[in-house]
Amino acid sequence: MSSTPTFEKVLRVEGMMCGNCTAKVEKALSAVDGVDTVSVDLDSKMAKVSGTASAAALVEAVTAAGKEAQLLEEPKMPIPRRTKSTPLSRDSDGMKHPAAFMVTAGTAPARGSGGVEPTPPEVSSRPSSTSLSTSVFNALGMGGDSEETCVLSIEGMTCASCVLAVERALFSVPGVVTVSVSLMGKRGQVCYKPSEVAPEDLCNAVQQMGFRSAQMAEADLMGGNDAEETQQWRAQLLGSLVFSLPTFVIAMILPETPLRDALHTTVVPGLSVGVLVLWLLSTPVQFVFGMQFYKRAFKAVSHGNANMDVLVALSTTVAYFYSAFFTGLRMLHCQGIYLFRRHNHQLLLLHACADGDDCQLEDSSLHSCTDIAILDVCFEVSTMLISFMLLGKYLEASAKGKASEAVMKLMALQPPSAMLCVDWPVNKEPPKEVLVAELRSGDVLQVLPGSVVPADGVVVRGESAVDESMLTGEAVPVSKQVEDSVVGGSYNGPGPLWICVTAVGANSALSKIMSLVAAAQMRKPQVQAFADRASAIFVPCTVSLALLTWLIWYLCVYAGGLSPQLVAASGLPSGQVLAFSFGVAVLVIACPCALGLATPTAVMVGSGVGAKHGVLFKGGDVIENASRVTALIFDKTGTITSGALTVAAVVSWDAELSSDELLWFVASAEQYSEHPIGRAIAMHATEMGLELGAARALRSITSRGVSCEISRRPLLLGNRAWMTQHGVVIGAEQEEQIAAHEATGKTVVIVSLDHTLSGIVAMGDSVKREAAAVVKQLGLWGIEVWMVSGDNERTVRHVAHSVGIERFVGGVTPEGKKTKLAQLQAEGHVVAMVGDGINDAPALAQAQVGIAVGSGTEVAIETADVVLMKSALRDVCITLELSRTVMRRIRLNFAWATGYNLIGIPLAMGVLFPVWHARMPPMFAGLAMALSSVSVVVSSLFLNGYRPSELPQPEADVDVIVKY
């Protein structure tokens with residue numbers, strides 16, 4: 001045995017999507033000389049290899065398997081060598097470990113301590129992902145300079161002013177890069193430099209502004225507390241109504257009944273029974289149920305911020321203490337102590353007088369000090385204002401809960417438990433019920449008929465039909481058999497299934513969907529900037545306007561500009577009370593909340609509606625951009641076409657090489673490929689029973705081709721440019737055959753063996769049924785449609801014409817797609833790109849709206865702004881139409897919120913009073929303000945009624961490009 005030391009290396013492997021991918025990578029790495037152990041983890045995309053093999057050999061092996069690999073950790077110290085005869089066991093995460101440290105045969109996977117042999121202290125049987133991530137960052141030199149993102153829960157925000165204050169506070173922290181705060185989601189997403197600031201510092205910055213904040217765990221990101229918040233507001237409302245309803249009856253109804261005289265019964269001189277009862281009823285409402293407004297207003301003002309709570313606290317306090325002041329004043333008046341003298345039939349606060357001569361009542365409608373006290377007080381104003389505020393908050397919270405209903409339904413899809421096959425594939429023991437949170441990649445689960453699939457996985461036994469409508473919007477159940485993928489949250493049909501778990505937790509499709517919908521609330525459309533700017537000055541302007549209103553009316557009273565008849569028309573006892581009423585009404589009716597809710601409620605509801613139809617928006621800005629699209633670029637393969645390529649013809653031009661032998665060489669080079677063409681060729685060869693060889697020195701260039709060595713013979717596969725680049729000449733006769741296949745829509749792979757042109761493989765594909773109808777619909781909307789593909793010009797032309805696309809470009813590289821897109825943008829177009837492959841990623845990133853079909857690669861889906869879960873072209877139309885519908889609703893919300901303030905504030909100021917005697921009492925102004933916020937949320941809820949438009953009938957029914 002060699003004494004060569006054994007080292008451990010860690011590779012990051014990109015492109016793994018399921019358990020089959022990890023198996024391919026493990027097989028490829030295990031075949032490398034000098035490899036002792038291999039552990040590949042799908043969740044972290046890490047491969048840990050021990051042995052004497054070089055890093056270059058490992059990377060080359062992974063590349064030959066069709067994946068991308070990067071060495072993350074250089075060998076630091078030798079580890080004890082294990083002989084190849086020592087068996088490897090796989091744990092429930094798909095990780096391989098020496099059998100001595102694994103579960104004994106026939107027992108359940110490690111859950112707690114049952115069935116697990118003790119692990120020696122010096123050996124960890126299951127490396128933690130945290131430590132692995134740390135070593136990876138250290139190996140990349142990213143420990144201190146990288147940017148990280150965290151999500152904070154933020155409680156106490158009530159309007160757009162609060163959002164602006166929180167964002168300013170977070171931006172002021174050194175090391176913060178970007179901040180986005182969601183009023184609806186009650187959270188903030190912060191991108192920061194961990195070398196300069198920690199999440200705790202961010203929470204402290206928010207807390208110093210008077211809001212409660214904490215870092216949210218990943219598992220809690222989608223956990224909403226709308227129901228709890230609604231119940232809290234409901235309890236506050238019901239408690240306040242116990243006092244405010246009697247207050248309203250006593251102040252507004254009983255004075256018009258025979259009980260009026262009873263209300264004027266004197267308790268002490270200047271204080272009647274009615275006033276005393278009103279005072280006692282209003283006090284607990286003001287200082288118990290209204291205390292939350294005081295607290296939030298104090299915190300806001302103490303940090304230099306002015307929000308809606310400031311207006312509520314200020315207006316109710318003024319009304320309450322105004323009433324208390326005049327009640328005390330009347331009591332002093334009746335004791336012979338005067339702080340007022342009469343002027344023009346109005347009471348003016350000037351001085352104290354010692355005699356009673358100046359206190360003779362000049363208005364015959366008022367008979368006593370007690371009468372004046374009853375008429376002057378407005379305890380019911382402060383009481384009803386607070387109750388109306390609580391009513392508005394309760395209705396608003398209820399409506400917000402409805403707005404996030406679609407997301408909550410997604411959360412409810414995942415069952416709490418699953419049936420784990422503890423001894424798969426022996427199955428001598430019955431399945432064991434475990435919590436879904438305990439599942440790990442590699443576990444095998446039994447899914448009974450009619451039950452919910454608990455996690456993402458691959459079918460390893462059984463056949464059934466699975467209903468995925470709640471996730472994709474597709475109503476027809478999808479047939480599932482061995483090797484088919486299933487998604488957690490879908491409903492199993494008539495047959496039992498056994499599935500191998502491939503993704504759990506945050507990596508599952510359901511979690512990613514919910515994360516996307518949650519993240520959509522964090523990315524704001526530009527139109528939200530209007531509300532942010534308005535809210536920054538709204539409250540100070542409102543307070544100034546209220547003071548100005550009171551001052552103008554007070555001066556009119558003082559100057560005698562109001563006649564007794566005009567004052568009497570108001571139903572109030574004096575001009576002073578009238579002036580006060582106008583000032584308080586302005587304070588109360590102004591509402592920045594409606595402006596702040598106009599956009600986020602529509603984005604939340606729109607994102608939920610999109611998810612229900614299988615369209616996932618990654619942000620409110622994406623919805624805004626999608627509504628303005630004027631040009632749209634389609635990729636061809638897998639987008640316009642189904643991407644289900646099949647081998648239509650194999651032609652050998654080498655007399656010594658049969659077509660089957662040519663196919664063997666091509667399939668051997670493509671057996672680990674993730675490209676649709678490569679997968680189709682390899683599958684075709686496997687179905688023919690060909691035993692494929694090993695490819696060495698494999699090199700793949702996107703949109704060009706592949707080069708490698710098979711059986712020590714150099715092989716080239718690709719297009720004309722690839723052949724020309726390597727000096728392979730295509731003769732006229734061969735070019736004619738290639739062109740003939742391309743003219744019928746086939747994609748042609750040119751093959752060169754031993755630097756000589758050897759033959760071609762022609763691939764057939766079918767156009768998606770709805771493609772022509774979608775293209776026609778886009779044209780009717782005035783959108784310029786393009787097809788840009790890496791395939792050859794003839795094939796692209798054939799496909800484009802068959803679906804009605806007049807503008808197309810073929811034979812372009814990924815950078816060429818990006819260049820074409822930039823050209824359209826330079827012409828003034830807002831461009832959307834629809835694609836599915838790695839080669840589409842640069843263009844998807846360049847486009848204002850990148851749309852990835854759900855069957856595409858992980859890179860394309862990560863790069864795109866919109867993900868179509870069903871991979872149906874019809875959903876492109878839904879994306880654009882729904883975006884336009886949401887933006888129309890946002891504009892309507894803004895129009896209502898702005899119009900409400902533009903109309904309501906002048907009415908509250910009394911501009912109509914001198915002519916039509918119309919005014920807005922403060923309590924009704926408060927009701928109008930509360931309902932304005934609710935109306936905006938309810939307006940957004942109408943988006944739930946969205947139904948996609950029917951596609952127009954295409955000129956001709958296009959089914960298949962190539963039939964064979």
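This is a predicted model: local features need pLDDT of at least 70, side-chain atom pairs count only at pLDDT 80 or more; totals for chains, interfaces and linings use all residues.

Me: Is A697 buried, partly exposed or exposed?
Reply: Buried would need under 20% relative accessible area, and exposed over 50%. A697 has 47% relative accessibility, so it counts as partly exposed.

Me: And S711, is it buried or exposed?
Reply: S711 sits in the loop between β28 (705–710) and β29 (713–718), and its phi is also positive, near 55°. The cut-off for exposed is over 50%. With 52% relative accessibility, S711 therefore counts as exposed.

Me: Which term describes how α9 and α10 are oriented to each other?
Reply: The axes of α9 (residues 291–302) and α10 (residues 308–333) come within 8 Å and cross at roughly 120°. Roughly perpendicular covers 65 to 115 degrees, and roughly antiparallel starts over 145. The two helices, α9 and α10, are therefore oblique.

Me: Which residues of α10 meet α9?
Reply: On the α9 side, the contact involves F293, Y294, R296, A297, A300 and V301. By class, the contact has 8 nonpolar, 1 polar and 2 charged residues. The partners in α10 are D309, V310, V312, A313 and T317.

Me: What is the omega of the peptide bond from W424 to P425?
Reply: P425 is placed in the loop between β15 (417–420) and β16 (432–435). The bond from W424 to P425 is cis, with omega near 5°.

Technical notes: Residues are numbered from 1 along each chain as its sequence is written. Side-chain values use heavy atoms; hydrogens and water are left out. Axes are lines fitted to C-alpha atoms, for helices over the stretch in contact, and angles run from 0 to 180 degrees between N-to-C directions. Helices (H or I, at least four residues) and strands (E, at least two) are DSSP runs, numbered from the N terminus. Angles under 35 degrees count as roughly parallel, over 145 as roughly antiparallel, 65 to 115 as roughly perpendicular and the rest as oblique. Contact means heavy atoms within 4.5 Å. Ala, Val, Leu, Ile, Met, Phe, Trp, Tyr, Cys and Pro count as nonpolar, Asp, Glu, Lys and Arg as charged, and the others, Gly among them, as polar. Buried means under 20% relative accessible area, exposed over 50%, partly exposed in between (1.4 Å probe, protein chains only).
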